Amino acid sequence: MSETTGASYAAAGVDIDAGDRAVELMKEWVKKATRPEAIGGLGGFAGLFDASALKRYERPLLASATDGVGTKVDIARQMGVYDTIGHDLVGMVVDDLVVCGAEPLFMTDYICVGKVYPERVAQIVKGIAEGCVLAGCALVGGETAEHPGLLGPDDFDVAGAGTGVVEADRVLGADRIRTGDAVIAMASSGLHSNGYSLVRHVVFDRAGWSLDREIPEFGRSLGEELLEPTKIYALDCLALIRTTEVHAFSHITGGGLANNLARVVPDHLHATVDRSTWTPAPVFDLIGTAGQVARPELEKTLNMGVGMIAVVPQQSVDVALTTLADRGVDAWVAGSIAERGDHTEAVTLVRDYAG
């Protein structure tokens with residue numbers, strides 16, 4: 001009689017030992033992404049955060065956000081570069097939190113892979129931890145899931161959730177915006193983490209380019225440009241709140257500048273944004289030209305060089321710009337708020353881009 005081999009998790013494609021190895025490799029990075037309120041380390045079933053730290057608030061409101069980085073992960077996979085995609089993940093989450101004025105407290109992540117390569121997973125977590133340091137929040141936990149059969153061995157995806165806190169009477173938003181307020185733009189670091197389905201369609205399907213193609217306008221390869229990490233604005237925005245009066249923020253992500261700014265403009269007011277106040281980075285023109293993408297399509301898909309907006313009263317403009325400059329953030333007055341009048345849209349982009 002022949003012997004039969006019983007089924008096992010390993011035979012099904014899940015390597016528990018590789019997962020354990022990944023956890024060991026990521027520990028050194030997670031230790032760096034902490035706050036005094038974070039309790040314990042890796043290995044627990046849940047991350048712990050000392051909520052007694054919120055006693056200093058009169059009425060603390062917890063803010064939560066969750067996001068991923070979309071099809072930008074495909075660029076990282078093709079490039080074999082895994083230590084920057086975590087910056088993108090953190091930026092997408094914490095900069096949504098800070099829009100209401102919330103200080104990011106902690107994050108958790110979820111990494112889904114077709115096959116666990118411990119060093120690769122550790123590199124992804126390294127990027128997440130470094131992003132948390134840049135955002136001033138703790139990485140209190142996460143999950144790495146191996147999905148053989150559903151994902152190819154080199155495929156992966158990342159997502160995360162974050163929690164922040166804001167004093168109830170200091171929540172920022174549309175109800176604070178007034179006629180005469182200034183719209184301050186903060187420069188993006190590039191494409192950030194939105195619109196990559198369009199970007200990939202243009203550069204791969206229409207232009208037929210490879211990621212190692214050197215682009216003179218970039219001074220580096222196409223792949224290096226497309227992997228440029230998302231700028232994380234959380235601490236810069238919190239610095240603005242501490243130093244001057246801020247009425248609202250808008251995180252410019254999917255949907256572009258006009259659609260995201262419109263989310264914080266009240267029904268009776270209107271924002272005019274002057275394109276001539278900045279020059280989008282070359283990557284935006286390249287995508288538009290190579291794909292023959294019409295400007296309206298570009299502007300509703302990509303950030304066009306602006307990653308965050310602050311709406312402040314006129315008397316706060318000088319302090320706001322100085323604060324951001326001192327922090328190394330390229331920022332400028334890009335527009336203003338007025339009565340809605342005959343405008344049917346909340347936001348109008350006027351004139352042409354500089355340069």
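Is Arg 35 buried or exposed, judged by its relative accessibility? Arg 35 has a relative accessibility of 13% and therefore counts as buried, since the cut-off for buried is under 20%. The structure discussed here is a predicted model. This briefing covers its salt bridges and the surroundings of Gln 314. Side chains of opposite charge can pair when their charged atoms come close. In this model, 18 salt bridges are counted.

- Arg 35 pairs with Glu 37 in a salt bridge, and the closest N and O atoms of the two are 3.1 Å apart.
- Glu 37 is also buried, with a relative accessibility of 13%.
- A salt bridge is likewise formed by Arg 56 and Glu 103, with 3.6 Å between the closest N and O atoms.
- This pair links distant parts of the chain, as Arg 56 and Glu 103 are 47 residues apart.
- Arg 56 belongs to the loop between β2 (48-49) and β3 (60-68), whereas Glu 103 belongs to strand β4 (residues 103-113).
- Arg 56 has a relative accessible area of 59% and is therefore exposed, the cut-off being over 50%.
- Glu 103 has a relative accessible area of 22% and is partly exposed.
- Through shared partners, salt bridges join Arg 35, Glu 37, Arg 56 and Glu 103 into one network.

**The pair Asp 274 and Arg 351**

- Asp 274 and Arg 351 meet through their side chains in a salt bridge, at 3.0 Å from N to O.
- Asp 274 is buried, at a relative accessible area of 16%.
- Arg 351, by contrast, is exposed, at a relative accessibility of 59%.

- Gln 314 is located in the loop between β12 (306-312) and α11 (317-326).
- With a relative accessible area of 47%, Gln 314 is partly exposed, because this value falls between the cut-offs of 20% and 50%.
- When residues up to four places away in sequence are not counted, Gln 314 touches Gly 180, Asp 181 and Ala 182.
- From C-alpha to C-alpha, Gln 314 and Trp 332 are 13 Å apart in space, and in sequence they are 18 residues apart.

Note on methods:
Residues numbered from 1 in each chain as written. Predicted model: local features only at pLDDT ≥ 70, side-chain atom pairs only at ≥ 80, totals over all residues. Heavy atoms only, no water. Salt bridge = Lys/Arg side-chain N within 4 Å of Asp/Glu carboxyl O. Buried < 20%, exposed > 50% of the residue type's maximum accessible area, 1.4 Å probe, protein only. Helix = DSSP H or I, 4+ residues; strand = E, 2+ residues; numbered from the N terminus. Contact = heavy atoms within 4.5 Å.
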